[in-house]
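Dear colleague,

I am passing on the structure below, and after it you will find notes on what turned up when I went through it. Please keep the structure open while you read.

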Amino acid sequence: MKGKGVNPSYNMQAAVDVDSRMVVGGYATKNAVDSGELSTVLEDIEETTEGKNPKVLSADKGYEDLKGLQELKEREILGYIAQKEEKSNSCYPLSSFVYDETKDQYLCPQDKPLTLSWTDKEGKKRYVGTACTDCHMRGECLTSKNPSPTSQRSISVSPFLPLRNEMKERMDSEQGLQAAKIRSSTVEPVFGTLKYAKKLRRFCFRGLNMINSQWKFELAALNLEKIVKFRISKQLRTA
Ligand code: SF4
């Protein structure tokens, strides 16, 4: 797995149903980060549950991925995924610019327009400033280290930006805070139990297929244990 160098390691995924606390998906991946895994997690849940789709899904901010947001929308899943803070070396990050839908242009905090320059094949749009050369804020606003006297500020806007903004609003709501709390008591314990209680610190095999098999086996064993505990406690309650 590529991380800090290349290591013989894998990234483990798991999905847990809130009501039953049963694991409903999980696999091993060579992707060093969780970003980009949301689609595969959803496919995995679908396979494990024979075609079911979650109505609500909560994941940590590592899963922040614009295409994943699109997938949630297409599958009509209400998602709760914290969004990373936008990094910018400008005093005016992208969130400071206001979109004018009628003209398909942005207005900067100095009320100057940035017009559409080009759109790439994935729908990402680039808007370029039209009045930056005389602006008193150009020193703080322009992102290039050595701007020329004719440099203009530009911003790149993903077609999924509205979905990200919606997600940010949802995460700031009371429901967003609740979803984060619930996640820490559902999926996090799976990793805690396997790593610390079951002492699964290393895998017994090599290669993605074998690691994947062992991980699925461990998750299935965890599910069986939950079923057994549930049945015993039910019998005790009945008795
Ligand atoms: S440099 Fe351009 S985009 Fe930035 S504040 Fe000035 S006019 Fe607006």
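A residue is called buried if 20 or more other C-beta atoms lie within 10 Å of its own, exposed if 12 or fewer do, and partly exposed in between, with the C-beta atoms placed from the backbone. The model is a predicted one, in which local features need pLDDT of at least 70 and side-chain atom pairs count only at pLDDT 80 or more, while totals for chains, interfaces and linings use all residues. Residues are numbered from 1 along each chain as its sequence is written.

The domain assignment (automatic or from a database) gives the protein chain domain 1, made of 2-85 + 163-238, and domain 2, made of 94-152. The C-alpha centres of domain 1 and domain 2 lie 39 Å apart.

Helices (H or I, at least four residues) and strands (E, at least two) are DSSP runs, numbered from the N terminus. Helix α7 has 31 residues and reaches 45 Å from its first C-alpha to its last, close to the 45 Å expected, where the expected span is 1.5 Å times one less than the number of residues. In α7, the residues Ile211, Trp215, Glu218, Leu219 and Leu222 are buried, and what covers the buried residues of this helix includes β3, β4 and α6. Asn223, also placed in α7, is partly exposed, because 17 other C-beta atoms lie within 10 Å. Two residues are in contact if their C-beta atoms, placed from the backbone, lie within 7 Å, and Asn223, leaving aside its neighbours within four places in sequence, is in contact with Met22 and Val23.

A nonpolar core is a set of buried Ala, Val, Leu, Ile, Met, Phe, Trp, Tyr and Cys residues joined through C-beta atoms within 7 Å. The largest such core has 26 residues, and Val23 and Trp215 are among those with the most contacts inside it. The elements that give two or more residues to this core include β3, β4 and α7. A second, separate core of 5 residues includes Cys108, Leu114, Tyr127 and Ile155.

Finally, Glu50, in the loop between α1 and β5, has a phi near 55°, a positive value in a residue other than glycine. Glu50 is exposed, because 6 other C-beta atoms lie within 10 Å.

Best wishes
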